[in-house]
Amino acid sequence: MKKLFVLGIIPFVFWGCITEIDFDLQGESRIVIDGVISNSPGERFIRIRRTSGFDSLYSPVQATGRILRNGDVWQELFSPAAGTLALRSDALIQAGNTYQLEVETEEGNSYRSEAQMVQPPFRVDSLSFDIVPAELRDNNGNTRFSRLVRFFAHLDIPIEGRSELYFKWQFNNIYAFQDRRPITCYLQDPLTRFPATLIRGRDLQPGNVRVFLASTELNRNFLIRYNVNTELHMVDLPTFNFYENATRLVSNQGTLFDELPGLLEGNVKQVGEDEESIVLGFVEFSLADTARLPINRSDFTFQLQDNCETATCPPAAPDGSPSPCACADCGDFFGRETEIPPSYW
Amino acid sequence: MNNQSTAILAIVLLLFGPIIQAQTPSDPLLNLPIQANFQNKNLLEIFSSLEASYPIQFFYKEEWLTRSPKSLSAEGIPLREVMDQLLQGTTLSYVQYGESALIVGRQFDLAELSGFTYESFVKNIGQLDQQPLSERIPSVVIGDSLIRPLPSTARITGAMYDRESEEPLAFARVTFPELGTGTLTNSLGQFTLTLPTGKHFVKFESEGFEPLDRQLLVYSDGKFEVDMIYSAFQMEEVLLEAEESGQSMESVAAGKVEISMIDLRRLPPLMGEIDIINAILLLPGVSSTGEASTGFNVRGGNIDQNLVMQAGNMIFNSSHLFGFFSIFNPDVVSQVSLYKGHIPAQFGGRVSSVLDVDIQDGSFRRTNGTGAIGLFSSRFAINGPLKLKRSSYLLALRAAYPNILTGFVESTGDIEASSAYYGDVTFKVTQKIGEQGKLSLFGYGSQDKFEFSENFGFDWDTYNVGLNYQQIFSENFSLRLDLNAGRYQSEVFNSQEGNASTNTMGVDNLHSKLNFLWVPSYKHTFHAGVEGTLYDLVPNEERPLGEFSSIIPVTAEKDQGLELGIYVNDEYNINNFLSVSLGLRFVNFQNMGPFTENIYEPDQPRSDETVIGRFTYNSGESITSFNKFEPRVSMRGLIDESTSLKLSYNRMHQFIHLLSNTASATPVDIWQVSNNYFPAQQADNFSLGFFKNFGGKAWETSLEGFYRNMQGLVVPKNFAELLGTPNIETEVLNAVGEAYGAELNVKRNFGRFKIEGAFTYARSFRRTEDNLGGENLNDGDWFPSDFDTPLDLALTTQYQFTNNQVFSVSFIYRTGRPISAPENILELYPSWRIPIFSERNQFRIPDYHRLDISYTADESVFKSRKFSSRVTLSFYNVYARQNAYSVYFQRRGAGYSALQVSILGTILPFFSYSFDF
């Protein structure tokens, strides 16, 4: 009888029955043009590539390009590598101007991004965190009790014009200091809320507000020191919409209540007579404000336990993917560790 | 006369209905003076004595004559008076046979013999002798059989009742095929007709009851009653039928389907419960997007394009538990009619179909109950008189309780923290007003709740209350007045950190309808009336949930609209071969204030950023108005007795939209009335049907084609955000649609093995157009609608082992519905991988098919209906097909994999026990 009950309950666990199926996912080859141009050192590249259908193998496309400011050519881009165009380090974009990308590929096609008005940066007053108990679920649906560290930003939202503010938060270069002597390292934490935390100004109350940004499990990365590094990009509405729609596509779980997926259109169009209907990718011009939050062991009112002292982790898979081990050491986890302290440390 | 000759004549008399001369006062035999002195003798002895003393012969069955009449002592009184006194107080009567014989028998049997000449009897006796016993048609005498001279016409008043419950049968059919006339009973089960005197064959039919054939012997004005036998007592009834057997060929309305509750009981139940919506999904042209999908689609229409009525009340969500059950309690439903082709002018407000579900009155004579106990749900209904024969009540309750069951299993995590249930209550109080009027108060309330792992959940409620008054003014004129109020409200909560919120939405409505029915002759049936509906939207309101939610409260503008309609419809039987239904409906819709309407930049897509102003309307002020005419035409031509051809054309309008941006409609979709940004929906529906019966009516076949053109639709934009959006017009695009298809239906409706197959090939498309700024989906090309399933097959069979055991099998096959699927992967800086989806609905999920079986043992054939019961064992999805509800795509290693979500991907056994008392 118990089995009968179980069978009957299945309908109410709507995503309890999920199977992988054969599905012809071969799409057409498309040109992909994407990149972020800001004044941050790591965000001054444009990539030009071509997909080969759905297998995600990208091939770089040789191209030349330039950036237009307010409709006029402003900077020619140089190509540090195949399929990559870069902006000179001393060329800084400025708020209040419109910028566009123009690209010509070796195939003879020309592309141009829509003009974007660069928004002035928005100052982050501070970051904070708290810790809350949580019930976490793994990929197999099993649950366990743990604790979450939640990160917040503190902003001063103006009364006027807040509906025209579009916040895009990125989490870059988040490092945890790990002491696995004889090895010590700075381990990059994959805190990847994709693609970023997106907040509309109209959804925030005027005045000093605390904005939830992201959370991560309280784990051994916090044993010594953890450093949150955020960048707040102020973007225009089309840019915001693009990232928001991309977020929906990634988070779509196919449940009964997920929104219908749609074609994610970027802001780059082919120009000229031989127009290609769809160009993938998005080119963003924005300015960012950076905020950091160091979290030390002493910040906790309780003792963090390192349960990995005696743990034995399985070796990495043949394809190099990391082992499913929560106790990875500096040297075998994602390859994102370094012995050199980050510049802000 | 010896017993042998008596028996022979009695057989002739009783079985074959011969005939006899009419009795008149001048008949010498009946005026024969009799010297009577009968004391302490039974009739047999008295007749024997008379035979011995007078030139009289009596024909009778001895067992009828065991009764002793009162003592009779008289001298010289006519034989007629003697017979009348002897038979007074009995069910016996007599007629003269020839010049010297009297036949004594039961009144009805004798009356059948009257009015015929001896010669006609002699002439017909040979043919009658050939008739098998089973084909003998009982007779009913109307009026005074002795009246002379007979009037040329007589006014007969009749009533039809359920023999067991003694309840009147409303809207039952009374047909005189030889006269080419007929009528329907009114809501009190009564009918009145004026007929020529004489002998007429009549057929009584009522949904769920055995058809009854009678011969009416009409002498003069009179009344009579007919008791119909509930089909539950005869398991040989049809299972799922398009109207009555053979009626699909004969009726003038193309695409009208009536479903009896008996039919429903024989279908394999889902989760142990029979269900109206699941039953109509077996009909050609009716589909859904899959398991756990709300509502149903008819001939390529959206789910909101179906007018769903329960006891005259509008239903805005017909589903419990995401469509596993419908809101209709099968124990209290009296009649279900689905109009998927021709829609008479009495109905309006939706462009695709009408599902009209009527609720029975409580019994006026005795208390009845019914119920069922299942693994997941139970139900109970009771009804009876409040005041004997004058007023009645009905109360029905249902509840599903999977939560209770979860307590018995060792579940953890999400399952343990999940819950789902529904409950509903139906009540009805009916009061007869005089002999020809009836007033009913109906109420319905339901609640659904679903929570998953405390992370998110839904609940939705429906409340209806309605007052119905029916009055019959004469045999051919009556009215029905409905006054209804209803609320549909839903809520979704989401505990996602940072964005924790609740959203509420819904629609209130006030509805009234006054319908006059006038039947001046058998050739014409007129419906005329007025109808009004006030849609008062419960605005979408988003509120933060918890102290850390960054959600700012948002409330959409409250919106409302008033729809008024006036209509007339005539069903005109031109002759025995050609019938037409002609109707015209005029509708006016006004979108009314108070409302603040956004004004957008000209020639620019509507968005929050293109708002250039706002216009405020005061309360009751008209914002926009639509005036529309709706012609409704249907024609049936009988080619021969077994073949007919039907044509129909309807123009329909709809002034309310259901906005949905999920793969399947959900309880949190948003209703929106037409205004300056949401156009009026319009559909032109064409259908052509060919109907042919074979083997008498043993096999019924039909082939129907349809084409539907739709204007004024809206579809959500890509990535439309419907919840928490104050300006929802910015999230949709204008669109048009078309649908076409062919439906083949084959039914064997005879014997112990019955089968029905419905095969549909149909397509349904949408195209965005007339959108500002060139904003379109799929480059403005046609694309399949979300429920475009070209091939649809439903096969239902039933085998009756014995009178009370039935085995049913149903099989469903359906092309997978369209979806959008990723065609590319976009890698964005720094390492984000985003699936790039195709344009809308360019792929399909795998095809859907499923086999269900059920076994039903019905005790009611053996037992009185004072308590009968039924046991059903069913298996859903026998071969455990993992049908795809949806397909989604998830990153796996370097690429993406397609993952299929199955709702009921295994075989599910169910058991239920139901009872009546």
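Colleague: In chain A, where is confidence lowest and where is it highest?

Modeller: Where pLDDT is low, the predicted coordinates should not be read in detail. Chain A averages a pLDDT of 78, with 75% of the residues scoring at least 70. The lowest confidence in the chain falls in helix H1 (residues 2-9), at a mean of 35, and the highest in strand E5 (residues 63-69), at 95. Over residues 1-16 of chain A, pLDDT stays under 50, and the model has 37 contacts beyond four places in sequence for that stretch.

Colleague: Let's take a strand. How many of the seven residues of strand E2 of chain A are buried?

Modeller: Seven of the seven residues of E2 (residues 31-37) are buried, so this strand is largely enclosed by the rest of the structure. Look at both faces: A:Ile31, A:Ile33, A:Gly35 and A:Ile37 point one way, A:Val32, A:Asp34 and A:Val36 the other, and all are buried.

Colleague: Which strands does E2(A) pair with, and in which sense, parallel or antiparallel?

Modeller: Strands of a sheet pair through backbone hydrogen bonds, either parallel or antiparallel. Here you can see both. E2(A) pairs with strand E3 (residues 44-50) of chain A in the antiparallel sense over seven bridges, and a hairpin of six residues joins the two. A:Val32 stands opposite A:Arg49 in E3(A). With E21(A), E2(A) runs parallel, joined by three bridges; there A:Val36 has A:Glu284 as its bridge partner.

Colleague: Which residues touch the most other members of the largest nonpolar core?

Modeller: That core has 175 residues, and A:Ile33, B:Ile276, B:Ile280 and B:Val887 touch the most other members. As for B:Ile280, its contacts outside four places in sequence are B:Ile259, B:Val286, B:Phe296 and B:Leu338.

Colleague: What about loops? Is A:Ile93 buried or exposed?

Modeller: A:Ile93 lies in the loop between strand E8 (84-86) and strand E9 (98-105) of chain A. The residue counts as buried because it has 20 C-beta neighbours inside 10 Å. Beyond four places in sequence, A:Ile93 is in contact with A:Ile37, A:Asn39, A:Tyr99, A:Val118, A:Phe285 and A:Leu287. By contrast, A:Gln205 is 112 residues from A:Ile93 in sequence and 30 Å from it in space, C-alpha to C-alpha.

Colleague: Why should helix H2 of chain A span 21 Å?

Modeller: At 1.5 Å a residue, the 15 residues of H2 (residues 237-251) should span 21 Å, and the end C-alpha atoms are 21 Å apart, which agrees. Its buried residues are A:Thr239, A:Phe240, A:Phe242, A:Tyr243, A:Asn245, A:Ala246 and A:Leu249. Their cover includes strands E11 (116-117), E14 (166-171), E17 (197-200) and E21 (283-285) of chain A, together with strand E50 (832-837) of chain B.

Colleague: Now chain B. In what order do the strands of the sheet with E6 and E9 run?

Modeller: It is an open sheet of five strands, E6-E12-E11-E8-E9, with mixed pairing. Strands E6 (139-142) and E9 (181-184) stand at the edges with a single partner strand each, so one side of each is left without a neighbour in the sheet. Neighbouring strands are turned by 25 degrees against each other on average, direction ignored. Inside the sheet, E8 (residues 173-176) and E11 (residues 198-205) of chain B pair in the antiparallel sense over three bridges, with B:Thr175 opposite B:Lys203.

Colleague: Which strands are the edges of the sheet that contains E14 and E18 in chain B?

Modeller: That open sheet has the order E14-E21-E22-E17-E18, again with mixed pairing. Its edge strands are E14 (256-259) and E18 (313-314), each pairing on one side only. Two bridges join E17 (residues 306-310) to E18 of chain B in the antiparallel sense, and B:Gln310 stands opposite B:Asn313.

Definitions and conventions
Residues are numbered from 1 along each chain as its sequence is written. Chains are lettered from A and ligands numbered from 1 in the order in which they are written. This is a predicted model: local features need pLDDT of at least 70, side-chain atom pairs count only at pLDDT 80 or more; totals for chains, interfaces and linings use all residues. Helices (H or I, at least four residues) and strands (E, at least two) are DSSP runs, numbered from the N terminus. The expected span of a helix is 1.5 Å times one less than its number of residues. A residue is buried if 20 or more other C-beta atoms lie within 10 Å of its own, exposed if 12 or fewer, and partly exposed in between; C-beta atoms are placed from the backbone. Two residues are in contact if their C-beta atoms, placed from the backbone, lie within 7 Å. Two strands pair if DSSP finds at least two bridges between them. Axes are lines fitted to C-alpha atoms, for helices over the stretch in contact, and angles run from 0 to 180 degrees between N-to-C directions. A nonpolar core is a set of buried Ala, Val, Leu, Ile, Met, Phe, Trp, Tyr and Cys residues joined through C-beta atoms within 7 Å. pLDDT is the predictor's confidence in each residue, from 0 to 100.
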